[in-house]
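Welcome! Let's walk through some of the terms used for this structure and see what stands behind each of them.

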Amino acid sequence: MWDWSFTLEILPTLASAAIITVEATLIGFVIAALLGLVLALVRIAIPWTAWPISVLVELIRSTPLLIQIFFLYFVFPKFGIVLDAFTAGVIAIGLHYAAYCSEVYRAGFDNIPRGQWEASIALNLPQWATFRDIIIPQVIPPIVPALGNYLVALFKETPLLSAIAVLELMQTAKIIGSDTFRYTEPMTLVGLFFLVMSLVSAAIIRVLERLLNRRTSR
Amino acid sequence: MGIRTLVGMLVVALAVIGLLATQTSYSLFLPGLLEGALLTIEIALLGSVLAVIMGVLAALARLYGPAPLRWVATVYVEIFRGTSALVQLFWLFFVLPQFGILMDAFTVAVLALGLNVGAYGSEVVRGAILAVAPGQWEASIALNMSRAQMLRRIILPQAFIAMIPPWGNLFIELLKSTALVSLITLTDLAFKAQQMNQSTLKTVPIFTLVLLIYLAMSLVITIGMRFLEQRASAGLSRGRAA
Amino acid sequence: MTEKPMVRFDNVSKRYGALTVLDGLSLDIARGEKVSIIGPSGSGKTTVLRMLMTLETINDGVIWVEGEPLTHMEKGGKLVPANLAHIRRVRAKIGMVFQSFNLFPHMTALQNCIEAPITVLGMKRKDAEERAAELLNMVGLSEKKDHYPSQLSGGQQQRVAIARACAMRPKIMLFDEVTSALDPELVGEVLQVIRQLGREHDLTMLMVTHQMGFAKEFSDRVCFFYQGKICEQGPPGELFGAPKNERTRQFLRAVLEAG
């Protein structure tokens with residue numbers, strides 16, 4: 001059923017593939033977090049963009065990431081831009097999650113009670129100081145765990161990159177499987193890797209959440 | 001987004017599909033894609049039914065089951081939430097046969113997606129049950145109801161309303177996940193798209209149509225769930241504004 | 001004593017961790033007796049009702065209902081903690097009305113009143129509806145029977161809650177600060193229903209209340225709770241007219257000043 005020597009044999013290959021997975025996750029998340037912030041801020045700063053941006057966000061969130069990955073991968077060359085599979089895939093993942101992240105930021109700002117702005121005006125605080133000292137410190141605590149959850153979700157979607165032959169963890173496991181006709185060990189190891197990473201991340205997010213909440217409630 | 005905007009988006013999406021269908025460069029692909037969409041819908045529907053069943057069962061087991069059942073449910077939820085749908089799909093598709101369990105790709109698809117979303121669903125169900133006011137339990141005890149009667153008649157009907165919006169999101173996640181089944185040989189909408197793309201290299205028309213079809217299906221789910229929510233909470237909210 | 005008391009608290013204690021909410025409470029209530037419980041918040045008065053309704057477990061002592069243990073059952077001549085079946089059989093004699101009404105929001109007034117009679121008592125729907133209609137008539141809400149709780153005022157909701165509790169034909173009724181969540185102008189209609197209930201039915205009533213006037217006029221006995229114990233009890237005329245205990249005097253003076 002389970003071959004330990006085979007497991008040991010494939011472990012180094014899978015480990016180096018896991019590095020690609022982690023790289024894709026981190027780069028994808030940086031794109032998602034920054035682009036999401038830009039979308040949210042543009043929405044606040046330029047009111048007429050609110051509607052088109054919300055339609056765009058809805059569009060991205062309503063269609064499968066896999067299709068978006070394929071689309072970007074195949075459509076870039078049409079415009080003369082040749083991207084390798086990793087770059088195209090990571091951009092697609094980043095774009096997809098930027099849509100989710102922008103909603104997180106938006107909810108964060110929306111949740112600040114009007115009274116906070118009004119109190120700041122009553123104290124005659126300049127607008128920038130209001131933003132920096134009053135609003136931002138209250139926005140961050142709920143945002144961090146929400147972004148953390150999307151980081152984990154994004155991480156779990158990186159196996160989709162195997163569909164455009166990026167040599168991340170899942171693709172590597174599949175290749176090992178088709179070469180050796182043994183799928184049990186590689187596939188199970190991939191599953192375990194994701195499970196452990198997700199559980200650890202969830203625990204970290206919980207701790208972070210508690211720390212942040214303690215600060216604001218003081 | 002308001003329900004009007006959503007309906008408006010659906011109308012626009014369908015109109016654009018119709019408009020594109022008048023052009024040969026697009027209409028060429030439409031029959032094949034719609035055929036794939038049919039399989040997508042089939043898998044999404046069956047997967048959703050399984051997800052709801054698993055979600056409710058796992059939630060009840062975790063809340064009220066005896067210890068062993070509670071552990072089983074917790075392990076199920078953690079495993080299926082902790083790994084991703086594609087990992088689960090591939091594991092069921094490639095590994096189970098090595099243990100002599102043979103299922104066709106369609107069954108694997110429904111099973112993997114249903115179990116995956118069911119795990120998230122169990123958290124939704126659990127949260128909704130726990131969110132019912134404690135006074136409702138107390139009133140049920142004061143009326144001497146049995147545990148099963150309280151759950152069935154008092155708690156679940158109230159929790160049901162709170163569950164509708166998050167389940168709507170889960171159904172959309174499930175619909176989007178159906179694209180993964182193209183990777184285990186099923187000829188769904190995503191599979192057709194790849195296949196046509198490979199043979200014709202007409203990426204833009206093909207994927208524009210595919211994205212629009214997925215968008216339309218998602219919107220139908222969102223709009224349907226909004227209506228369900230309105231109808232279910234009709235009694236609760238009637239006169240509340242007054 | 002010839003007749004067994006309707007309710008007997010026998011040296012009952014309730015603790016939350018280090019906090020003792022009720023400290024060795026012993027209290028007998030006779031059939032048909034109307035007892036009001038008054039006292040400052042945190043004195044454990046609501047806990048008395050909640051324990052009797054089995055919403056709270058007890059740490060020490062035994063609660064008896066009509067000579068039968070509620071929290072315990074006899075096994076080989078000894079009292080052991082009761083199982084759910086035993087508790088359900090005994091607590092069928094008790095009904096309760098809550099401070100926050102706790103009506104079922106997804107059911108109309110009528111449905112609220114027939115739900116338990118049908119599912120718990122196994123009554124036929126038609127009989128249950130007839131009985132519920134009578135009770136809603138008694139509380140003056142015949143024309144509101146198809147309204148949902150959200151369409152009713154607080155006073156109306158509380159009257160439906162009283163009808164709902166009566167539909168189970170309890171022998172003992174518990175009222176837990178039933179007017180505290182109401183706007184002042186709605187208190188009267190609820191007290192009126194309770195008054196009528198006490199007159200027309202042979203109910204044993206136990207109520208926690210802040211309405212001193214009502215407690216004085218309505219009850220046979222008033223118990224003043226202080227720090228988890230009965231500090232003083234007696235007929236309302238005596239307790240309100242000439243309280244013996246200094247704590248009671250302080251409490252009554254404070255309540256009076258607050259209006």
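Q: Leaving aside its neighbours within four places in sequence, which residues is K192(B) in contact with?
A: In this predicted model, K192(B) is in contact with G32(B), L33(B), E35(B), G36(B) and T187(B). K192(B) itself sits in helix 9 of chain B, residues 189-200.

Q: Why is K192(B) called buried?
A: Its relative accessibility is 12%, and buried means under 20%. The value falls under that cut-off, so K192(B) counts as buried.

Q: What makes the pair K192(B) and E35(B) a salt bridge?
A: The N to O distance between the two side chains is 3.5 Å. A salt bridge needs a side-chain nitrogen of Lys or Arg within 4 Å of a carboxyl oxygen of Asp or Glu, so this pair qualifies. In the background is a simple idea: side chains of opposite charge can pair when their charged atoms come close.

Q: How do you know that this pair links distant parts of the chain?
A: K192(B) is in helix 9 of chain B and E35(B) is in helix 3 (residues 30-64) of chain B, 157 residues apart.

Q: Is E35(B) buried or exposed, and what makes it so?
A: E35(B) has a relative accessible area of 51%. Exposed means over 50%, so E35(B) is exposed.

Q: Which salt bridges does E66(C) form with R31(C) and K93(C), and what are the distances?
A: The side chains of E66(C) and R31(C) meet at 2.9 Å, N to O, and those of E66(C) and K93(C) at 3.2 Å, N to O. Each value is within the 4 Å cut-off, so both pairs are called salt bridges.

Q: Why can E66(C) and R31(C) be said to tie together parts of chain C?
A: E66(C) lies in the loop between strand 4 (60-65) and strand 5 (68-69), and R31(C) in the loop between strand 2 (19-29) and strand 3 (34-38), so the pair ties together parts that are 35 residues apart in sequence.

Q: Which residues are linked with E66(C) in a network of salt bridges?
A: The network links R31(C), E66(C), E68(C), R89(C), K93(C) and K171(C).

Q: Why is K93(C) called buried, and why is E66(C) called partly exposed?
A: K93(C) has 18% relative accessibility, which is under 20%, so K93(C) counts as buried. E66(C) has 22%, which lies between the 20% and 50% limits, so E66(C) counts as partly exposed.

Q: What makes A202(A) partly exposed?
A: Its relative accessible area is 30%. That value lies between 20% and 50%, so A202(A) is partly exposed. A202(A) belongs to helix 8 of chain A, residues 184-217.

Q: How do the residues lining the second largest cavity divide into nonpolar, polar and charged?
A: Seven are nonpolar, two are polar and none is charged. Among the lining residues are F175(C), T179(C), T209(C) and F214(C).

Key. Residues numbered from 1 in each chain as written. Chains lettered and ligands numbered in written order. Predicted model: local features only at pLDDT ≥ 70, side-chain atom pairs only at ≥ 80, totals over all residues. Heavy atoms only, no water. 1 Å grid on protein atoms, 1.4 Å probe; cavity = no way out; pocket = protein on both sides within 12 Å on 5 of 7 lines; lining within 4 Å. Nonpolar A, V, L, I, M, F, W, Y, C, P; charged D, E, K, R; others polar. Helix = DSSP H or I, 4+ residues; strand = E, 2+ residues; numbered from the N terminus. Buried < 20%, exposed > 50% of the residue type's maximum accessible area, 1.4 Å probe, protein only. Contact = heavy atoms within 4.5 Å.
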